Amino acid sequence: MAETQAHRRGRDAGGGGSVTSEAQGNRHRAARRTRGTPGTPGMQDMQGLDQDTTPLRVIGPDLEPVPEAPAARAGGRDRYFDTLRALALVRVVAYHTFGWVWAGLVFPSMGVMFALAGSLMAKSLERPAVSVIRSRIRRLLPPFWLWGLFVVLAMLLHGWMPGWQVVYWVVPLGDPPGNSWGMQAWEILWYLRAYLWFVLLSPLLLKVFRLAPLTVLLASLAPIVVLQFVWQPPDNRFGSCLLDFATFLFCWLVGIAHREGVLARLRPGPVVVLSLAALAYGAWFALTHQAEYGSYDLDDIPLAQAFWSAGFVTLLMYSKAYFKVDFAWLARFKRLNRIVSVFNARAMTIYLWHEIALILAVPLIDQFWNVPAFAQYLPLESQWFMFGVGWVLIAVAIPLVGWVEDVAAKRRPRLLP
């Protein structure tokens, strides 16, 4: 596909007065040339969306539930999964700050997020599907509405003229529209839209998976191959949904495979060989198609993203299922353990508001130049400094708006979880 995933999302998200695909594509390179401007899009499942009140369990080789040691849990949470989610969020903020094209190869945050979400969704579907889907949507929408209120109002004040597609700001079944002024903020919403569709389709996916687990898991990479080499999806919201669904379908299903105990039954040899093969193919495709896509950034190359993420998350989930990795040691480091807990309790807040924090960091740092001592002693030109300021602003957002996640989950609101 000569057209990048970023191009497609930019064109699909437009309503009246929306940004053009050319502007969306140019931003990917122009942002890196501008001092203090965050890099390109690409993220990201969050605890705010998939938190389960029941303790997570590892499925042993005999397919019987094996309770984890109490030290491996914190309030019923799995610290291995929680740590992966926290790392994914840090990587997303770093990527949007520095625009590192290699970041996805080091840690494919989006694949990890979808795998964790798939596992938790499969666990939740032990309850009636309708109630589970209702609960997931309830946890998604209020934080999204509060965030969208600020973004939509700001775009309206800057000349945006929305069309009927504004309904996607109510329920993001398609990419919500916006204008070029607010693009850096709303471009991350593709993840919420993709997550919502996976949630809606999970009861069906789980039923199909249980018919032939390994066959369905391996076959789940076929749709992205078809979209790459056989049939290009339409250049609209439906096409974007289809492309993202195909890209991360394997990751969602490997999460289900972990929860169903399928991974724990597999021998290490075949799992490692197939995972390394998927990683090799994904890396090879990305590196050999740089001229076509403009870089080897996985966020711009769906086929490479799908295979690299598949190999990467399979190894992570297999380690959890087969070797009983639990990160129980994290409890010994109270501050680090606390940080991981906050990240997971406010993952939705961090994800939604991190781009706005990075946007606000630029004019804030510009004001620092007016203070001679700051100009002399602080590295105001460094993007690492902007990265730090961005996290300070994210920390401010957590008590200001993070409590909405508690309300959405029907918990007592807390300024700091």
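Contact here means heavy atoms within 4.5 Å. Leaving aside residues up to four places away in sequence, S119 touches F81, G255, I256, H258, R259 and M317. S119 counts as buried because its relative accessibility is 0%; buried means under 20% relative accessible area, exposed over 50%, and partly exposed in between (1.4 Å probe, protein chains only).

A word on the model: it is predicted, so local features need pLDDT of at least 70 and side-chain atom pairs count only at pLDDT 80 or more, while totals for chains, interfaces and linings use all residues. Residues are numbered from 1 along each chain as its sequence is written, and side-chain values use heavy atoms, with hydrogens and water left out.

Next, have a look at helix α11 (residues 222-229), where I224, L227 and Q228 are buried. Seen down the axis of α11, these buried residues fall within an arc of 100°, so they line one face of the helix; the arc is that of the directions from the helix axis to the C-beta atoms. They pack against α12 (237-259), α14 (268-288), α15 (290-293) and α16 (302-323).

A nonpolar core is a set of buried Ala, Val, Leu, Ile, Met, Phe, Trp, Tyr and Cys residues joined through side-chain atoms within 4.5 Å. The largest one has 104 residues, of which F114, W147, W169, Y191, L192 and W252 touch the most other members. Helix α16 gives the largest share of this core, twelve residues. A second, separate core of seven residues includes F368, L380, F385 and V389.

The loop between α16 and α17 (334-345) holds K324, and F327 also has its place in the loop between α16 and α17.

K324 is partly exposed, with a relative accessible area of 32%.

Terms used. Helix = DSSP H or I, 4+ residues; strand = E, 2+ residues; numbered from the N terminus.
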